[in-house]
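Hi,

Have a look at it first, and then read on for what turned up.

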Amino acid sequence: MPGGSCLIMPVGVTAETVRGVVAHPLVSPISCVVSVTVSGLFEVKREIFGYLRALAEVLGADYREVVVEPWDVASSIRLYKVLREASKGCSRVVVSGVTGSRYLLPLMFQVLLALWAERRVKVYLVQGVEGEEWRLVPLMGYLSVRLPRRQRELFLRIYSWPSDEVPLRGGLLEGLGLGRSVYKALKELELKGLIVHRRNKVIKTFPGKILYGIMVEKIGSTREA
């Protein structure tokens, strides 16, 4: 299914959560499934691997399995190679942050950041609280700390708007002096996961709200000093 999601599924020992993530409507359509786990407890994990393999077959999706040895550089690089190959042709990559060993999370973030930098593919994170709501959030929004001047100016103007949906017409862009380059800045902010750009509006993201709050806090601290 070209153009769909490449779903990265860290596998632990809880099958119910894996099934819940795969069935979430925000994840579909799925073009490929990459199961990732750390070594050990394969007797328990075998059922989950079988479920994911069968699901991929039903969907006509590509399926890969990667076993990462803790603190082993070679197996970590192998994960990058597999994801790089499996995600070709996919419009986005979705990684589950609610399944599998927590050891895998920072490793996958580094690998996905490399993939994003190479292809500018959209990367999303399934995150949530156990037993509560799950959400699909742009992963790269959590990895943005500093913005170039023009992006920063536009970002601050967007997030100072009183509502989550910000119209591009009617005041937002007035006085910026960016000309057509404003759309380039909007595209970069979206690639970084800090906004969602629709035709005549932009939508704030949760990571963007956090970054804005940090920026405001820093500005306030500087003034106090």
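Helix 1 (residues 15-23) and helix 2 (residues 42-59) have axes that come within 10 Å and cross at roughly 20 degrees. The two helices are therefore roughly parallel to each other, since an angle under 35 degrees counts as such. Their crossing is right-handed. On the helix 1 side the contact uses Ala15, Val18, Arg19 and Val22, and these meet Glu47, Ile48, Tyr51, Leu52 and Leu55 in helix 2. By class, that contact has seven nonpolar, no polar and two charged residues. Please keep in mind throughout that this is a predicted model.

Helix 3 and helix 4 (residues 104-119) pack at an angle of about 45 degrees, and their axes are 10 Å apart. Helix 3 and helix 4 are therefore oblique to each other, and the crossing of this pair is right-handed. From helix 3 the contact takes Ser76, Leu79, Tyr80, Leu83 and Arg84, while helix 4 supplies Leu107, Met108, Val111, Leu112, Ala114, Leu115, Glu118 and Arg119. Sorted by class, the contact of helix 3 with helix 4 has nine nonpolar, one polar and three charged residues.

Now the whole chain, for orientation. The chain has seven helices and nine strands. Its C-alpha trace spans about 60 × 40 × 35 Å along the principal axes. Of the 225 residues in the chain, 44% are buried. If you take the contacts between residues at least 6 apart in sequence, 72% of them join residues at least 24 apart.

Cysteine 6 stands opposite cysteine 32 in strand 2.

Valine 95 is found in strand 4 (residues 92-96). With a relative accessible area of 0%, valine 95 is buried. The C-alpha atoms of valine 95 and leucine 105 are separated by 9.3 Å, and the two residues are 10 apart along the chain.

The other sheet I noted is an open one of three strands, in the order 7-9-8, with antiparallel pairing. Its edges are strand 7 (165-167) and strand 8 (195-198); each has a single partner strand, so one side of each is left without a neighbour in the sheet. Here the twist averages 25 degrees from one strand to the next. Strand 8 and strand 9 (residues 201-204) run antiparallel and are joined by four bridges, with isoleucine 195 opposite lysine 204 in strand 9. Helix 5 (residues 149-159) lies across strand 7, strand 8 and strand 9, running at about 80 degrees to strand 9. Helix 6 (residues 181-191) lies across strand 8 and strand 9, and runs at about 130 degrees to strand 8.

Last, some backbone details that may interest you:

- Serine 28 and proline 29 are joined by a cis peptide bond, with omega about -5 degrees. Proline 29 sits in the loop between helix 1 and strand 2.
- Leucine 41, in the loop between strand 2 and helix 2, has a phi near 55 degrees, a positive value in a residue other than glycine. Leucine 41 counts as exposed, at 54% relative accessibility.
- Tryptophan 71 also has a positive phi, near 65 degrees. Tryptophan 71 lies in the loop between strand 3 and helix 3 and counts as exposed, at 74% relative accessibility.

Technical notes. Residues numbered from 1 in each chain as written. Predicted model: local features only at pLDDT ≥ 70, side-chain atom pairs only at ≥ 80, totals over all residues. Heavy atoms only, no water. Pairing = 2+ DSSP bridges. Axes fitted to C-alpha atoms, helices over the stretch in contact; angles between N-to-C directions. Contact = heavy atoms within 4.5 Å. Parallel < 35°, antiparallel > 145°, perpendicular 65-115°, else oblique. Left-handed = near helix turned anticlockwise from the far one by under 90°. Nonpolar A, V, L, I, M, F, W, Y, C, P; charged D, E, K, R; others polar. Buried < 20%, exposed > 50% of the residue type's maximum accessible area, 1.4 Å probe, protein only.
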